[in-house]
Amino acid sequence: MREHFRTLMHRLAALFRRRRLEDDLAEELRSHLEMAVELNLSKGMSEEEARREALKSFGGVEQTKELYRDQRGLPMIETTLQDLRFGLRMLRRSPGFSLLAILCLTLGIGANAAVFSWVEGILFRPYPAVTHQEQLLAVTGTARGETGPTLISWPDLLDLQRSCTLIDSFIVNKNNHGEHDFQRGE
Amino acid sequence: MATSKSEVLQGTLDLLVLKTLDSMGPMHGFGIAMRIQQLSQDLLQLNQGTLYPALLRLEQRGWLVSKWGVSENNRKAKFYSLTRSGRKQLEEEAEDWARMSAMINRMLRTS
C-alpha cells in the first residue's frame, strides 16, 4: 500500500519535470552504451563491431525509452494533454473552419436548450409553483348525454374546494376551450 | 548448441537488482547488468535495456535512490543504491523465492 502511494507521488512529480527527466534518461542510456562500447573495444573488437554488439545486448534504445516513459509519468494524463494540445493546434491552423464548427455547435446546443426549457415549462411542469408535481391531477366533469369530459361549473368547484378531503387545493385553468380544474391531492 | 540461454523470469529481475546492489554497494545501470550477466555465467538472456524501467520502478517504490556521479573511467553515470526499506524488501523477496523454489524442487523430485 505504501509502495503504491509512493509510486503515485513519484509519477505525479514526474509530470512536472518531463524535460529534465527526458534529458536524464537520454544521458543515462548514452552513458550505458558508451561504457559497453568501451568494454567491447578493450576486448579487441573494431569500433563498428563494438557499437553493434553494445546496441544488440542493450536491445532497442527507443523501446526502452518508451517503456521507461510509461513507468515514469501518468501516461493517461499525458496523452490526454497531448490530444488537447493537438486539437488546439488544429483549430488554430484553419480558423475559418473552426469558427464555422464552433458556430454550428453553439447554434445547435443553444436551440436545443431553448426548446427543451420551453417544452419543460409548458408541458412537463406547467405549474412551477406546485411543489409536488407528481401529485397533479386533472379533474373534469361528466354530463349525461355527453361522451367526452365536460366543464365544471364555478359553484361545483366551490363545493369541491369546500368538501373534498382527497384533494389539497384546486387551481383553475382557463383556456380557449373552457375551463379545466387542476388540483393537488395527497 | 548445448545449453540455451533462459529468459529472466518475470519478477525475478527486481530481486536480482536488489541483491546486486546489496552485495556491491552503489552501482550504475551498466555495472548492474554486467554483474548479473557475470554471476549467471552468461546463461541468462538479459536485454540490458529492460533494466532501466525496472530500476525506475524500484526507485518509485522507495527501495532505491539514484544520484549522478562519475564512473571508474571518468564517465558521468547515474548510481543506484539500496535504501533501508529496499534491504527489507530484498530479505522478504529472497525468503519468498527460497520457499517457492524449494516447493517446486520437492514437487519435481516426487514421482
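In the predicted model, Asn74(B) lies in the loop that joins strand E4 (64-70) to strand E5 of chain B. The phi angle of Asn74(B) is near 60°, a positive value in a residue other than glycine. Asn74(B) has 7 other C-beta atoms within 10 Å and is therefore classed as exposed. A positive phi also occurs at Gly62(B), which follows H3(B) and has a phi near 85°.

Chain B contains four helices and five strands, and these follow one another in the order β-α-β-α-β-α-β-β-α. Of its 111 residues, 30% count as buried. Among the contacts of chain B with a separation of 6 or more, 52% are between residues 24 or more positions apart. Chain A has seven helices and three strands, arranged along the sequence as α-α-α-α-α-α-β-α-β-β. In chain A, buried residues make up 8% of the 186 residues. Residues 24 or more positions apart account for 42% of the contacts in chain A with a separation of 6 or more.

The two chains meet through 25 residues of chain A and 18 residues of chain B. On the side of chain A that touches chain B, at least two residues are supplied by each of helix H1 (2-15), helix H2 (18-42), helix H3 (47-58) and helix H4 (61-72). The most is given by H2(A), with nine residues. By class, the residues on this side of chain A comprise seven nonpolar, 10 polar and eight charged.

One part of the contact between the chains is the packing of H4(A) against H3(B). The axes of these helices are 8 Å apart and form an angle of about 15°. This angle is under 35 degrees, and H4(A) and H3(B) are therefore roughly parallel to each other. The crossing of H4(A) past H3(B) is right-handed. From H4(A), the residues in this contact are Thr64(A), Leu67(A), Tyr68(A), Gln71(A) and Arg72(A), which meet Tyr52(B), Pro53(B), Leu56(B) and Arg57(B) of H3(B). The contact of H4(A) with H3(B) consists of five nonpolar, two polar and two charged residues.

H3(B) itself is largely enclosed by the rest of the structure, because eight of its 10 residues are buried. The buried residues of H3(B) are Leu51(B), Tyr52(B), Ala54(B), Leu55(B), Leu56(B), Arg57(B), Leu58(B) and Gln60(B).

In soluble globular proteins, nonpolar side chains tend to be buried together. The largest nonpolar core of the model has 26 residues, of which Val17(B), Leu21(B), Leu55(B) and Leu64(B) touch the most other members. Two or more residues of this core come from each of H2 and H3 of chain A, and likewise from helix H1 (12-24), helix H2 (29-39), helix H3 (51-60) and strand E5 (76-82) of chain B. H3(B) provides the largest share of the core, with six residues. Apart from neighbours within four places in sequence, Val17(B) is in contact with Ile32(B), Ala54(B), Leu55(B) and Leu58(B).

The contact of H1(B) with H4(B) includes five nonpolar, two polar and four charged residues.

In chain A, Met9(A) is located in helix H1. Met9(A) counts as exposed because it has 12 C-beta neighbours inside 10 Å, and a residue with 12 or fewer is assigned to that class. The C-alpha atoms of Met9(A) and Gly73(A) are 9.8 Å apart in space, although the two residues are separated by 64 residues in sequence.

Terms used. Residues are numbered from 1 along each chain as its sequence is written. Chains are lettered from A and ligands numbered from 1 in the order in which they are written. This is a predicted model: local features need pLDDT of at least 70, side-chain atom pairs count only at pLDDT 80 or more; totals for chains, interfaces and linings use all residues. Two residues are in contact if their C-beta atoms, placed from the backbone, lie within 7 Å. Ala, Val, Leu, Ile, Met, Phe, Trp, Tyr, Cys and Pro count as nonpolar, Asp, Glu, Lys and Arg as charged, and the others, Gly among them, as polar. A nonpolar core is a set of buried Ala, Val, Leu, Ile, Met, Phe, Trp, Tyr and Cys residues joined through C-beta atoms within 7 Å. A residue is buried if 20 or more other C-beta atoms lie within 10 Å of its own, exposed if 12 or fewer, and partly exposed in between; C-beta atoms are placed from the backbone. Axes are lines fitted to C-alpha atoms, for helices over the stretch in contact, and angles run from 0 to 180 degrees between N-to-C directions. Angles under 35 degrees count as roughly parallel, over 145 as roughly antiparallel, 65 to 115 as roughly perpendicular and the rest as oblique. A crossing is left-handed if the near helix is turned anticlockwise from the far one by less than a right angle, and right-handed if clockwise.
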